[in-house]
Amino acid sequence: MPILIQEFGFSDRPMNAFLEVRNLSVSFPTDDGLVQATNDVSFSVELGQTLAIVGESGSGKSVSNLAIMGLHNPKSTNISGQAIFNLETGPIDVLAAPEETVRKMRGKTMSMIFQDPMSSLHPFYSIGNQISEAWLLYNDAGKKEAKARAIEMLDLVGIPGASRRVDDFPHQFSGGMRQRAMIAMALINNPKLLIADEPTTALDVTVQAQIMELIKNMQKEFNMAVILITHDLGIVAEVADDINVMYAGRLVEAGGVDDVFYNSDHPYTRGLLASIPRVDSFHGGRLSTIPGQPPSLIHLPSGCSFSPRCAFADHVAGNKCQTTMPELTAKAPKHLARCHLSASEIESAVKKGVGA
Amino acid sequence: MVYLIFGLLPIDPARISCGVHCSPATVLGNRHRLGLDVPLYEQWWRFICGIFAGRTYGDGVAQFTCPAPSLGYSFPHNECVTNVIANAFPFTLSLAIGAFILWMSFGISFGIIAARFRGTWIDKSATAFVLIGSSLPTFIVGLLVYIAAFLMHWIDPISQGLWVSPFSDPFGFFKNFIFPWITLALSFAAIYTRLTRGNVIETSSEDFIRTARAKGVSNRRILVKHNLRTALAPLVTNAGLDFGGLLGGAIITETIFQLPGLGLISLKAVLHDYDLPLIMGTTLVAATFIILFNLIVDVAYAYLDPRVRIQ
């Protein structure tokens, strides 16, 4: 059923990408109402490719990926859609597969690293113990062998003196080294997909680049698909092949990095890019911002979720932005955006000084 | 400190020790024999020396010695305080150990089960147990248990106060102590259920639990290896201090069941005998246990949590 991919304009891609996510919706029932965290999201990732998912906090980036990993509590989460891994053994839809099947894919087929490596590592167990545990889950071997594997992995991710540091505890590692250890742990079983959930947010700026470099190298080494969740657009420009921009639980723009960065077809993406401080064209004065607040996921604005904050909304005839949610449509080959305006209409509006 | 407080009390051990018909001369004699005729600070110094070196009272024919560690001489018991405490201690120790085992095993299991089945009727009944257990005062629980056990002829009030060694007669020992254990353990079990449940639930939302799940670790292993270790570590502090406190005597439980442990002899010493040396002795012993267990807790915690280990 790879029809959707065609619809999205990625028709020159192989019909069966490694991971295909289709119509993924995740919602949480709460006392205040249903939180629609992710709404009808579809995308695909190839082995060896990096997909960046960007968006504000609460736009559904992490939620959709935790759903792929099967890490939501099924009792308090409603998940619908498909997330199909096209493995050599055949396709598996992790959203429909039994709990135990998905558990055995975690760490083996798909791995995830998280934002804060300090709190993500168990404070009471040594780094080596935690990495070995991941390996022993999928390898029938002794502890000694596992420890040797852990040292090998720590060495690979660039921990100096790995054989000495393997018995250290997380609090004895620096932030960057902890994230390296997390990466070692995530990759020890050669997973096919690595989901990196804001892997550099909690780190020093100088260390951020090293970690991204490491993820990139590891991707080459293991030929993995990588989903990078971030709000750092600088990182995206460097490492990603494709970008998904999310807003209020929906995809608002998707395409190749260059397309989305240089020919943004969605006002929200334009706003995001405009808010990055630039060294080369800084004219003094205040940084550009997107006015307003991200909407409540319980009571989304009618029509386009972004319309209350959108500078282009006045340029759409007949209040369409306030009444109709635009579809995700191809504005150019391999470039989708959820906006009533066409690429040329946005272009002409920008020339009139909108959204500058 | 304790010595100072007791020394300032208007109670004269020498006066009490010689009974109703007592001549001033005898009182003076007693006072000298007990070393109460010297200033307070010197009495204190002799008391401290006695702990380490033993102490000899009186002179001539009436001379007698309490060997080190001497905590003084108890008149109502006509014995060295150390001996009185040593005779009472097995009761208190047995009571504390048995109750400790009971409340730890039940409290922690209930807490884990309640956390595992959070929100279900199992969890709700655990919460009810916590509420009832921790709000019923020990003397009510004790009396209810005592009456129930007595009516069912499971308890013999006369043999209760006699020491039965667990090594020579395990069954008799068990029979003597099971009801005091239940009484003492109930409120502790309730508190530990609540603590365990809260800690397990809190830990389960930690990032490192999510990491373990992302690795593909099974739920059972996550609970046992990743969750419980973190959730139960803080309980070591509570458990150590509670146990140490109980070694100073469980007054209410010991009184209800007439177990002549440190609690009961302290109570008698205070209410009935005005036995200052004995009160001082039991207070000192209780304080020592609390300090000792504070230390043990700190050492144990360093073993459990690598972050507090000294490099």
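Two strands pair if DSSP finds at least two bridges between them; strands (E, at least two residues) and helices (H or I, at least four) are DSSP runs, numbered from the N terminus. The model is predicted: local features need pLDDT of at least 70 and side-chain atom pairs pLDDT 80 or more, whereas totals for chains, interfaces and linings use all residues. Residues are numbered from 1 along each chain as its sequence is written, with chains lettered from A and ligands numbered from 1 in the order in which they are written.

**Exercise 1.** Determine which residues of β7(A) are the bridge partners of S111(A) and M112(A).

Solution. S111(A) has L194(A) as its bridge partner. For M112(A), the partner is I195(A). In total, 4 bridges connect β6(A) with the parallel strand β7 (residues 193-197) of chain A.

**Exercise 2.** Are the faces of strand β6 (residues 110-113) of chain A covered or open?

Solution. Side chains in a regular strand alternate between the two faces of the sheet. On one side of β6(A) lie M110(A) and M112(A), on the other S111(A) and I113(A). All four are buried, that is, 20 or more other C-beta atoms, placed from the backbone, lie within 10 Å of their own. Both faces are therefore covered.

Conventions. Buried ≥ 20, exposed ≤ 12 C-beta atoms within 10 Å, placed from the backbone.
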